[in-house]
Amino acid sequence: MEYHNKLVLAPMVRVGTLPFRLLAAEYGADITYGEEIIDHKMVKCERKVNEYVGCTDFVEKGTENIVFRTCNEERNRVAFQIGTSDAVRALTAAQIVCNDVAAIDVNMGCPKSFSISGGMGAALLNKPELIHDILTTLKRNLSCPVTCKIRLLKSSQDTVELARRIEKTGVSALAVHGRRVADRPKDPAKWSEIADVVSALSIPVIANGDVFDYGDFKRIRAATGASSVMVARGALWNASVFSPEDKVHWEKVKREYVRKSILWENDVKSTKHTLKEMIMHYSCLELPEGKSVIKSENLADIAQLYGEERYYQFVNENRFSAYGSRDELL
Ligand code: FNR
């Protein structure tokens, strides 16, 4: 995988599952990150080819719990993001999935207490030896690119120092979210501090924070000097942010997301969560649409809510006959 000049869908828990990644790619995302998956969970998984849906699943052994679903269409652009606090466990998890994805990324920015208390995410930022151990172990043993995603440290100098140490591990790229651990999402991302990292490194830096329109790609590139840009909320609210043409109306994007969720049999909890996030941004969950999404129990309910019952029926009646010619179902 190449990291220069790329538009990147950011990792987003419960949002970045297969249908959302494919939607973003359809609008122009070159690299699509999956949601963070914790190594403890991944090491319990086995790979299963799912001929019914036409995808590859990583399923918790002894259960039907699908932890990660991917497909051939995204093989060359999907980055699998791990949450970890241990090099050996990270490697065991990565080895299970690495032949089915384009890259392995380590999350070093999550500020949630669940991550921090487990020594993962942003807890890694002040443990440079552990970072080194994790990244060099992955690099040495995997043939796919290894990357990581960090937040800003207390001072720009500290961030640059850490970034230099990370570069030395041989990672292929570094994503920098331009906020500190204590910052809130509404605090402006500090593009100038991303710029300091870009000018100190020779590997590609992926700039992340506050890109909401296609024009912002140009602005953040100019402000940071990074050629690649990563988008989270801007894509969640309207995945057509990646398209150089005018944004597609969010209602239409939402409908396309529903159809992709049906086609790829997405986990209904992920579909509901993503729809709720979209609705909350443009409207309000107290209105009938939001209430109905909350009440939905399965994809059939979601299909009915969005007037896609015929599509739902068609997809489910034609899965086996259309396998291998999936376009017929789109
Ligand atoms: C995130 N973010 C995130 N980061 C990460 O490294 N792994 C993850 O799984 C998640 N999950 C996640 C879920 C949701 C719903 C949001 C909004 C964000 C952080 C995200 O990738 C990104 O760094 C920040 O949101 C900043 O980018 P934007 O939103 O300003 O484009």
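Contact is taken here to mean heavy atoms within 4.5 Å. The structure is a predicted model, in which local features need pLDDT of at least 70 and side-chain atom pairs count only at pLDDT 80 or more, whereas totals for chains, interfaces and linings use all residues. Residues are numbered from 1 along each chain as its sequence is written, and side-chain values use heavy atoms, with hydrogens and water left out.

T169 is placed in the loop between α6 (156–168) and β10 (173–180), where helices (H or I, at least four residues) and strands (E, at least two) are DSSP runs numbered from the N terminus. T169 counts as buried because its relative accessibility is 7%, the term buried meaning under 20% relative accessible area, exposed over 50%, and partly exposed in between, with a 1.4 Å probe and protein chains only. The side chain of T169 also reaches the backbone oxygen of I166 at 2.6 Å; such a polar contact is a pair of N or O atoms within 3.5 Å, and within protein one must be able to donate a hydrogen and the other to accept it, while residues adjacent in sequence count only if both atoms are side-chain atoms.

According to the UniProt record, an unreviewed entry, the feature "domain: DUS-like FMN-binding" is placed at residues 9–282; UniProt positions are given in the numbering used here, feature names are shortened, and annotations may be inferred rather than shown by experiment. The span of residues 9–282 is 41% helix and 21% strand, and its end C-alpha atoms lie 20 Å apart.

Around the ligand there are 16 residues, of which Q81, K149, N208, D210 and R233 come nearest, a residue being near a molecule or strand if one of its heavy atoms lies within 4 Å of it. The shell around the ligand divides into six nonpolar, five polar and five charged residues, where Ala, Val, Leu, Ile, Met, Phe, Trp, Tyr, Cys and Pro count as nonpolar, Asp, Glu, Lys and Arg as charged, and the others, Gly among them, as polar. An N or O atom in the side chain of Q81 is 2.8 Å from a nitrogen atom of the ligand. At D210, by contrast, a backbone N or O atom lies 2.8 Å from an oxygen atom of the ligand, and for R233 an N or O atom of the side chain is 2.6 Å from an oxygen atom of the ligand. The ligand taken alone exposes 600 Å², of which the protein buries 86%; accessible areas come from the Shrake-Rupley method with a 1.4 Å probe, and for residues only the protein chains shown count as cover.

D210 is placed in the loop between β11 (205–208) and α8 (214–224), and its phi is near 65 degrees, a positive value in a residue other than glycine. N5, which is not a glycine, has a positive phi of about 60 degrees. N5 is placed in the segment before β1 (7–9) and is exposed because its relative accessible area is 53%.

N5 is also among the residues in contact with S228, the others being Y3, H4, K6, V205, I206 and A207, when neighbours within four places in sequence are left aside. S228 is found in strand β12 (residues 228–231) and is buried, with a relative accessible area of 1%, while its side chain reaches the backbone oxygen of Y3 at 2.5 Å. Although S228 and I31 are 197 residues apart in sequence, they are 9.9 Å apart in space, C-alpha to C-alpha.

I82 is found in strand β7 (residues 78–83) and is buried, its relative accessible area being 0%. Leaving aside neighbours within four places in sequence, the contacts of I82 include E36, I37, D39, A90 and A94. I82 and A10 are 72 residues apart in sequence and 13 Å apart in space, C-alpha to C-alpha.

T271, found in helix α11 (residues 268–282), counts as buried at 0% relative accessibility. The side chains of T271 and S261 are joined by a polar contact of 3.1 Å, and S261 is listed with Y257, N266, L299 and I302 as being in contact with T271, neighbours within four places in sequence being left aside. L263 is placed in helix α10 (residues 250–263) and is likewise buried, with a relative accessible area of 0%.
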